[in-house]
Amino acid sequence: MSDERALPLPNPGPRPAGEVEELRRIWAAPKGLRFLTVINNNYIGVLYVGAAFLFFVLAGILALMMRTQLAVAENDLVGPTLYNRLFTMHGTVMMFLFAVPVVEAMGVLLLPNMLGARDLPFPRLSAYAFWAYFIGGTVFFASLFVGWAPAGGWFMNPPLTTEYFSPGFNEDFWLLGIGFIEISAIAGAIEIIVGVLRTRAPGMTLARMPLFAWAMLVFAVMIILAFPAVILATALLELERAFHWPFFTAEAGGDPLLWQHLFWFFGHPEVYVIFLPAAGMVSMIVPTMAGQPLAAQRLVILALVATAFLSFGLWVHHMFATGIPGISLAFFEAASMAVAIPSGIQVFAWIATFARGRVRLAVPTLFVLGFLFIFVLGGLTGVMVAAIPFDWQAHDTYFVVAHLHYVLIGGMVFPLFAAFYYWMPYTSRFPLSERVGRWVFGLLFAGANLTFFPMHVLGLAGMPRRVYTYQSGLGWDAINLASTAGAFVIAAGVLLFLVDVARRFRMSAEDNAGDVWGAGTLEWLPGGNYSNRSIPVVTGRYPLWEQPGLAKDVEEGRYYLPNAPTGTRETILTSPLEATPQVLMRMPVPGWAPQVAAFFTAAFFMLLTVKLVWLAAACGLVAVGALLHWGWSLDPPPLPDAVDIGGGIRLPAYASGPTSQAWWAMAILMLTAASLYACAIFSYLYLWLVAPGTWPDASALPRSSYPVVSAVLLVASSAAFGSANGSLARGATPAPAIAAAIVLALAGFGTEFASHLAVDPRASAYGAVVHLFVLLGGFFVAVAVVLAAFAMARRLAGKLDRVRRVTFDNARIFWHYVVAQSLVGLLLLHGFPRLAAP
Amino acid sequence: MRLIVLAAALSSGLAHAHAVDARPDAYAVAAWAVLAAAALGYGAAWRRGAALRARNAAAFGGGWTALALALLVTPDAPAPFALHMVQHELMMLAAPPLLILGRPFTALASLAPRPLVRGAAIPLRVPPLAAWGCHAAALWVWHVPRLFDAAAASPHLHALQHATFFASALLFWWTVFRRLRRGTAVFYILTTFMHTGALAALLTFAPAALYADTPLAEQQLGGLIMWVPAGFVMLVAGLVAFDRLLVERP
């Protein structure tokens, strides 16, 4: 590495005075009430982690209530109705409001500094995701206090959750609330993917990227591909509950198992969405605590990817007891066991790293060791329930409760606590107390094992899960009491942790406690809200270990971008694989639009839940208005000159097309849309397989002239948009061609809409799914039209020309996507029944 | 062009596998002829010292064997669905990537004039998303029960089915190999893994038999073969593609 160090520094000379002060001023957080508009990742990250931890504590309190109820036989503290709500809310809040958001929050907090960027590429999107989640989550939790909390279990299986068996708003709160919070998770995932792929420090190739960034990249891709399934599922169930479209009602050709397929297509990856970032954190902490690079880094990265891959093929192993074909069981049993291989690779890599180095037994290390112990036990019981004869025995007993808590507490909560202790000096003026931390660890470790280990025995002794009480004399009494005692030990540990946080945590980016562990990665460079004074060149996996003097050189501005040449917030966009600098990206400053949009989006969904439709619509309009206002400030005018960032590199301060961050975000959004649409196609075909009798024969289908006309109009609208592109490139106005495209697309959709008017969505699953496609088609066309009209408005306002064209390009690629998707829909709705009819 | 013609003829020959009568039909004869020609041609290139390594030759041999096996798998009518599935997976998942790893164009270049080799490569220059779409469309459309049954009943349609399976898979894998350095290869493999899994899930969980002369259990086994072992091959391919991204290049 010493010859690498000899590379000339980009800005070797002394810097002019006042640059740091200017960076500080530009990146300062707003004061007073305007602090609510803060968007910098340091603040949003801390708020986000804090909110998620609040939900952890709240869901933990629900667990304590359940454990208190179960402490003795035939207890009457909590009745069956409340108990059902408690376990539903406990599971739901832990999974959707704590586990996923908290890792996303850690990503927001840590990634920019770890990658050497000044901030994430879309800071206002992070703020929007956070506020939408926090407001929506709080209202969702509050449903418990007014008796509206859902009671159908965290996976909401119909038919129990259909309107017939669960009338009232309760399940709607789950469906709309969770569906909405998933949208916020997707917004965060887009942010993380673009951040990891496009804002890494120069020289940080994929192979040199820190493991946590790898894990977050895999995590975000999994969210993009898997979460649309649960969004679609919640939409279907809500359509069934509100409008009686029978997707899940067997007598009308629906199938409750469709829910399980969609839910677990999301739910299985969800387990790894939670675990992989935690594993990524461990892969950061272990090398520091051992003073050694991570063993087998390349294998560990491959293990992350393999786990993600596998998780998309394995959802069925949550459905072993649903009566799936016997012949399939052996296949899935084998495939389920294969998951042990990538997990094993990681565990052995951590052990090997510890074995090679001198381990410092600080609190993060203790939590990592606790994680290894508990997680491996959870993994072992996982292999047990992957064996089908055993699974059928243990299904829906406390054995499963024990297994999933070992996996989640071991695989997620312990790494998270390790991360809290490890990264506290990064975000706070003081680290947490080592002495108190040992007590916290001891209480949590003893408590977790005392609570959940006896549950294995309980399950094998036959106690089913989700019962609000039990009779004495079944041999369950003492075990339950022990388990309840354990739960309170955990609570004591969490309480002690909170006390220590209250005493020691003082948020600060500028004079944080700093690199107390002697770590090797970039987030430990000194800095402020602007992240690093200058953006370093990275030559290895552990720059702080391998590049001596790096911290001083960075702080004195000897690397890239030591100042703010355009006078506003900026960071460097780099190429996705090799991280070569491409563009100087100018970044937004705080404003109210994201917060207003988040508040009214949340209000829209929550009011819809309680069927205040008009008020909800009004809130929705305000939200859309705020989003448009926000969008109007995007795509700032190009600067004529390239900007010098040092080392002889001059970067353009404006980009459009595939180099721009906006293009990437739109591409990823389209991928999300495609995943949603693919799930809808799966649902259509699945319902056909279940009840082909409800499908009409060819004579009862809309005449074939309808889809032909619709397809012609849609293709023509795409062509019109293409010609708008040509006009813009020539410097002419694209507005007339865009207007033509809008008219053609609306006509194309109208034709398709009209062709299905005779079908009643309430009569059969066929009708329901056909109208689902009409609904989806309409939604996508509407969004495309809004984007296109927005581009036209920009043109009229003089904000769109042949150079400044990001809004137009985004509308254009989305337009072509929507047309392609609609054509697939036409083929499916009109072509498939003709081919499939007997 | 020659390779494409070879490929098309070869794959159409696979229709032999389901020929309703025992008489060897023209497609099968052509297929074997093409296989023989390919082997001879590759051998000649090897002897002439084409820039091929032993592992290229081994890959080509493996791909060749996979195709030959697919030809030899001749399920008697009524064709068992699961065996049929194995044959299709050999044609789509085993043979194409191995043949490509055998560097057929390098071999061809030592036998044929340069313009001809270039011409032969033209059809492979489609955008990756289009190749991905062709492969997906071929897979999904042919599994519509009526089309699948029609192909099983007619040797000509059957040849067409196999030709589209093999050619679209060749196109797909070619694109994947070309995109190895750009990272998008992983994306195409992952999404293909997912949509083939979805199709396999539909076949596995269908409550009734979908295809003529196919008992339900047979159909489920076919679906599972498409899902788990074939998915495993995709997984390995995806990981290999991914590993290429982690190589430090100077």
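## Domain arrangement

In chain A, the C-alpha centres of domain 1 and domain 2 are 37 Å apart. The model is a predicted one. Domain 1 of chain A covers 50-504, and domain 2 of chain A covers 675-836.

Where the two domains touch, domain 1 of chain A contributes 17 residues and domain 2 of chain A contributes 17 residues. On the domain 1 side, the elements giving two or more residues are helix H7 (211-243) and H8 of chain A. H7(A) gives the most, with six residues. By class, this side of domain 1 of chain A holds 12 nonpolar, four polar and one charged residue.

## Packing of H8 and H9

H8 of chain A (residues 256-290) also packs against helix H9 of chain A (residues 297-311), with the axes 9 Å apart and at an angle of about 170°. Because angles over 145 degrees count as roughly antiparallel, H8(A) is roughly antiparallel to H9(A).

From H8(A), the contact uses His268(A), Pro269(A), Tyr272(A), Leu276(A) and Ser283(A). H9(A) supplies Val300(A), Leu304(A), Thr307(A), Ala308(A) and Ser311(A). Six of the contact residues are nonpolar and four are polar, with no charged residues.

## Overall fold

Chain A contains 25 helices and four strands. Its radius of gyration is 27 Å, close to the 28 Å that the globule rule gives for 838 residues, so chain A is as compact as a globular protein of that length. The C-alpha trace of chain A spans about 80 × 80 × 50 Å along its principal axes.

Of the 838 residues in chain A, 56% are buried. Among contacts in chain A with a separation of 6 or more, 80% join residues 24 or more positions apart.

Key: Residues are numbered from 1 along each chain as its sequence is written. Chains are lettered from A and ligands numbered from 1 in the order in which they are written. This is a predicted model: local features need pLDDT of at least 70, side-chain atom pairs count only at pLDDT 80 or more; totals for chains, interfaces and linings use all residues. Axes are lines fitted to C-alpha atoms, for helices over the stretch in contact, and angles run from 0 to 180 degrees between N-to-C directions. Angles under 35 degrees count as roughly parallel, over 145 as roughly antiparallel, 65 to 115 as roughly perpendicular and the rest as oblique. Two residues are in contact if their C-beta atoms, placed from the backbone, lie within 7 Å. Ala, Val, Leu, Ile, Met, Phe, Trp, Tyr, Cys and Pro count as nonpolar, Asp, Glu, Lys and Arg as charged, and the others, Gly among them, as polar. The radius of gyration is taken over C-alpha atoms; the globule rule is 2.2 Å times the number of residues to the power 0.38. A residue is buried if 20 or more other C-beta atoms lie within 10 Å of its own, exposed if 12 or fewer, and partly exposed in between; C-beta atoms are placed from the backbone. Domain bounds come from an automatic or database domain assignment.
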